[in-house]
Amino acid sequence: QVQLVESGGGLVQTGESLRLSCAASGSIFNSNVMEWYRQAPGKQRELVATITSGGSTNYASSVTGRFTISRDNAKNTVYLQMDSLKAEDAAVYYCKLRQRLTPVTRWSEYWGQGTQVTVSS
């Protein structure tokens, strides 16, 4: 089993920055993918950023150039640096880890409890 604990959410003003962290513990495979999602009230949960254990990243178009995902494999921790925050970035941010034992086995997915990000104008 895997546990994920997010931290770093809070209230900021438009244009400011915030850094989220997600620490994973438990049975973590060397090869995995860690992701940040967000969900605003009344909206579907959306993928924000992805990073593989090898360091490859991908971003939603709405955050490209403003958000940076990174990870510390030694600490099993993923970060989301959010700069130039906008009102529309306000949401609950969730961390997800997915992993599989081999390329032909099923993915296992684990979610954190979420951390609130509020952006005031």
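So, E46 and R38: their side chains meet in a salt bridge, 2.6 Å from N to O. By salt bridge I mean a side-chain nitrogen of Lys or Arg within 4 Å of a carboxyl oxygen of Asp or Glu. Keep in mind that this is a predicted model, where local features need pLDDT of at least 70, side-chain atom pairs count only at pLDDT 80 or more, and totals for chains, interfaces and linings use all residues. Residues are numbered from 1 along each chain as its sequence is written, and side-chain values use heavy atoms, with hydrogens and water left out.

E46 is partly exposed at 34% relative accessible area, while R38 is buried at 6% (buried is under 20%, exposed over 50%, partly exposed in between, with a 1.4 Å probe and protein chains only).

What else does R38 pair with? D89, in a salt bridge with the closest N and O atoms 2.9 Å apart. D89 sits in the loop between β8 (77-82) and β9 (91-99) and R38 in strand β4 (residues 32-39), so this pair ties together parts 51 residues apart in sequence. Strands here are DSSP runs of E, at least two residues, and helices are H or I, at least four, numbered from the N terminus.

D89 is buried, at 0%, and also bridges to R66, at 2.7 Å between the closest N and O atoms. R66 comes from the loop between β6 (57-59) and β7 (67-72), so that pair links parts 23 residues apart in sequence. R66 is buried too, at 11%.

Elsewhere, shared partners join E35, K96, R98 and E109 into one salt-bridge network. The whole structure has six salt bridges.
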